[in-house]
Amino acid sequence: MTPERWQRIEQLYHEALQHKAGERLAFVREICADDVRLRHEVESLLEAHDRGGNFLNTAAGDVPAPALQTHTIQNLCVHH
């Protein structure tokens, strides 16, 4: 995904959040028109937001990697 595409997705996501929850999907469908992939990307962010995970405002370092949750650093090292 290009940085420009991600910027557009993020912009539409934030614009959609300006609408009432019941109006957001209609807004996204209208604004995305025939760009189905764009619509799905924005809708997936809205769904995550509605579940309580506003990860766009979470620093990457604050989200633990699943591999590091179950393995120690030593186990991740490759020994020759």
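## Helix α3

Helix α3 covers residues 36–50, a total of 15 residues, and spans 21 Å between its first and last C-alpha, close to the 21 Å expected at 1.5 Å a residue. The expected span is 1.5 Å times one less than the number of residues in the helix. Helices here are DSSP runs of H or I with at least four residues, strands are runs of E with at least two, and both are numbered from the N terminus. This is a predicted model, in which local features need pLDDT of at least 70, side-chain atom pairs count only at pLDDT 80 or more, and totals for chains, interfaces and linings use all residues. Residues are numbered from 1 along each chain as its sequence is written, and side-chain values use heavy atoms, with hydrogens and water left out.

The buried residues of α3 are L38, V42, E43, L45, L46 and A48. Buried means under 20% relative accessible area, exposed means over 50%, and partly exposed lies in between (1.4 Å probe, protein chains only). The cover over these buried residues includes α1 (3–17) and α2 (24–32). After α3 comes G52, which has a positive phi near 100 degrees.

## The protein as a whole

The secondary structure comprises five helices and zero strands, and the order from the N terminus is α-α-α-α-α. The protein has 80 residues, of which 18% count as buried.

Contact means heavy atoms within 4.5 Å. Among the contacts in the protein with a separation of 6 or more, 51% are between residues 24 or more positions apart.

## Packing of α1 with α2

The axes of α1 and α2 come within 9 Å of each other and cross at roughly 140 degrees. Axes are lines fitted to C-alpha atoms, for helices over the stretch in contact, and angles run from 0 to 180 degrees between N-to-C directions.

The crossing of α1 and α2 is right-handed; a crossing is right-handed if the near helix is turned clockwise from the far one by less than a right angle, and left-handed if anticlockwise. On the α1 side the contact is made by R8, L12, E15, A16 and L17, and on the α2 side by R24, F27, V28, I31 and C32. These residues divide into seven nonpolar, no polar and three charged. Ala, Val, Leu, Ile, Met, Phe, Trp, Tyr, Cys and Pro count as nonpolar, Asp, Glu, Lys and Arg as charged, and the others, Gly among them, as polar.

## Packing of α1 with α3

Helices α1 and α3 have axes 9 Å apart and pack at an angle of about 50 degrees. They are therefore oblique to each other, and α1 passes α3 in a right-handed crossing. From α1, the residues R5, W6, R8, I9, L12, Y13, A16 and L17 meet R37, L38, E41, V42, L45, L46 and H49 of α3. By class, this contact has ten nonpolar, one polar and four charged residues.

The C-alpha atoms of E10 and V42 are separated by 7.5 Å, while the two residues are 32 residues apart along the chain.

## Packing of α2 with α3

Helices α2 and α3 pack at an angle of about 160 degrees, and their axes are 9 Å apart. The two helices are therefore roughly antiparallel to each other, and α2 passes α3 in a right-handed crossing. The contact joins R24, L25, V28, R29 and C32 in α2 to L38, R39, V42, E43, L46, H49 and D50 in α3. Six of the contact residues are nonpolar, one is polar and five are charged.

## Two individual residues

E43 lies in helix α3 and is buried, with a relative accessible area of 8%. When neighbours within four places in sequence are left aside, E43 is in contact with L25, V28 and R29.

A33 lies in the loop between α2 and α3 and is partly exposed, with a relative accessible area of 49%. Although A33 is not a glycine, its phi is positive, at about 50 degrees. Most residues other than glycine have a negative phi.

Notes. Angles under 35 degrees count as roughly parallel, over 145 as roughly antiparallel, 65 to 115 as roughly perpendicular and the rest as oblique.
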